[in-house]
There are 2 protein chains.
Amino acid sequence: MSSVTNHNIPEKTIERLSEYRRSLLSCHKQGITHIFSHVLAGMHGITAVQVRRDLMLIGFSSDTKKGYDVKVLIDFINNILDSENVMNVAIIGMGHLGQAITNYFNGKRRKLRIVTAFDVDPAKTGREIDGIPCYHMDEFESVVEQMDVSIAIISSPTRVAPSLVVPIINAGIKGVLNFTSAPLNFPQGIVAENYDMTTILEKVAYFVKERDEVGEKN
Amino acid sequence: MSSVTNHNIPEKTIERLSEYRRSLLSCHKQGITHIFSHVLAGMHGITAVQVRRDLMLIGFSSDTKKGYDVKVLIDFINNILDSENVMNVAIIGMGHLGQAITNYFNGKRRKLRIVTAFDVDPAKTGREIDGIPCYHMDEFESVVEQMDVSIAIISSPTRVAPSLVVPIINAGIKGVLNFTSAPLNFPQGIVAENYDMTTILEKVAYFVKERDEVGEKN
């Protein structure tokens with residue numbers, strides 16, 4: 001197993017490729033066949049130089065007179081981001097956040113699919129929620145194996161999160177996206193991303209405050 | 001108004017300060033009075049050098065023999081991140097995601113408070129949801145003014161998001177956190193953060209795929 005830092009494409013570029021693809025898919029749906037780097041950049045509030053640098057990094061070049069061919073670029077990004085086979089995802093914690101993620105995500109990506117959910121609330125387990133079967137956490141290991149799940153999304157209450165680390169390791173999960181406030185550490189072989197929504201809200205609040213203060217001084 | 005890039009503290013440091021504070025508050029609750037930089041670093045899966053660099057950037061220094069004084073460091077970070085007065089936040093879109101954010105966030109930060117929500121669904125408007133009054137979007141401008149809201153969180157369906165830009169500008173909102181898949185551009189005076197959860201899931205999936213491929217080659 002190599003560590004994430006060994007990869008050639010920076011994390012931030014991967015994030016932007018995912019974002020470009022969503023915009024390109026939306027353009028494609030609207031019948032737009034070509035797009036200039038500055039237009040794509042404008043949609044994401046970044047510079048055209050950034051877009052061109054990201055696409056150069058993945059080895060994409062295009063006829064610049066007409067802009068990028070939308071369909072060709074989508075396929076190119078698909079080849080970078082998507083695995084050959086569908087990757088199965090499980091949600092741990094089927095409260096509001098778990099259901100929001102499921103509703104929001106499913107049907108959008110061909111190669112990434114939320115196939116199962118876990119909870120401990122008897123009102124939620126043993127039935128389907130929004131078309132996803134929801135099991136008790138006691139069955140985590142066996143269901144993960146049976147359904148060939150490789151990624152777990154943690155949307156449980158924060159206090160529960162630390163107790164999920166061992167079951168996740170034991171079940172052979174390869175990637176974790178943790179939405180709780182408890183930062184979780186996993187062994188090197190598991191790709192883990194801690195994503196606490198509070199952080200981003202506090203960041204926005206900080207920059208609002210800073211601007212107010214700068215505004216008052218001027 | 002200055003642009004975000006004029007600030008002295010990098011965005012990533014602001015994010016980490018928010019994360020450190022959550023861990024420090026949890027330590028404080030458990031009666032821990034001092035913490036070493038490498039312990040704090042370990043909780044977040046980063047290096048002690050990174051922690052020390054971040055704290056140096058905000059001008060915090062401490063007795064290194066006993067580690068950082070937890071309470072003093074919390075207060076120090078409070079002074080950096082929090083505004084003097086409470087900042088009021090509104091949620092636009094009170095579906096699963098809006099309710100998850102509200103439940104998750106409220107009561108956690110003294111200086112940042114979700115005070116109101118907006119929706120267009122008659123089943124949601126005109127009543128309180130989890131203690132938060134939910135109004136129809138038609139009342140957005142007047143309620144924002146009346147409740148002195150400075151930050152809006154967009155958790156509406158993606159297709160609705162572009163139509164929210166003008167009301168948000170007109171209402172004098174200063175900061176926006178957009179959780180939909182539609183990247184939104186706002187005038188320079190408004191701090192805006194587009195945060196699509198799909199991006200982070202696609203990133204985790206990409207690095208899982210990459211590791212598998214590296215693993216196969218080795």
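Predicted model: local features only at pLDDT ≥ 70, side-chain atom pairs only at ≥ 80, totals over all residues.
Q: Which elements of chain B touch chain A?
A: Those giving two or more residues are helices H1 (11-29), H2 (37-43), H4 (70-81), H5 and H8 (197-217), plus strands S7 (149-154), S8 (175-178) and S9 (191-194), all of chain B.

Q: Which one gives the most?
A: H8(B), with 17 residues.

Q: And how do the residues on that side of chain B divide?
A: Into 32 nonpolar, 22 polar and 18 charged.

Q: How many residues are in contact, chain by chain?
A: 72 residues of chain B contact 72 residues of chain A.

Q: What area is buried between the two chains?
A: About 6,800 Å². Carbon and sulfur atoms give 65% of that area.

Q: Why quote an area for an interface?
A: Interface size is often given as the accessible area lost when the parts come together.

Q: OK, salt bridges. How many cross the interface of chain B and chain A?
A: The rule finds 10 there. Over all chains, the structure holds 20.

Q: Which residue does Glu11(A) form a salt bridge with?
A: Lys203(B). The closest N and O atoms are 2.8 Å apart.

Q: What about Lys71(A)? Which partner does that residue have?
A: Lys71(A) forms a salt bridge with Asp75(A), with the closest N and O atoms 3.1 Å apart.

Q: Where do Lys71(A) and Asp75(A) lie?
A: Both are in helix H4 of chain A. They are four residues apart, about one turn of the helix.

Q: New topic: pockets. What volume does the second largest pocket have?
A: About 1,300 Å³.

Q: Which residues lie nearest its centre?
A: Lys108(A), Pro157(B), Thr158(B), Arg159(B) and Ser181(B). They are among the 46 residues that line the pocket.

Q: Which element supplies the largest share of that lining?
A: H1(A), with seven residues. Others supplying at least two include H4 (70-81) of chain A and strand S4 (112-119) of chain B.

Q: How does the lining of the second largest pocket divide?
A: Into 17 nonpolar, 15 polar and 14 charged residues.

Terms used
Residues numbered from 1 in each chain as written. Chains lettered and ligands numbered in written order. Heavy atoms only, no water. 1 Å grid on protein atoms, 1.4 Å probe; cavity = no way out; pocket = protein on both sides within 12 Å on 5 of 7 lines; lining within 4 Å. Points joined across faces, edges and corners; volume = space filled by probe spheres on them. Nonpolar A, V, L, I, M, F, W, Y, C, P; charged D, E, K, R; others polar. Contact = heavy atoms within 4.5 Å. Buried area = accessible area lost by both parts, 1.4 Å probe. Salt bridge = Lys/Arg side-chain N within 4 Å of Asp/Glu carboxyl O.
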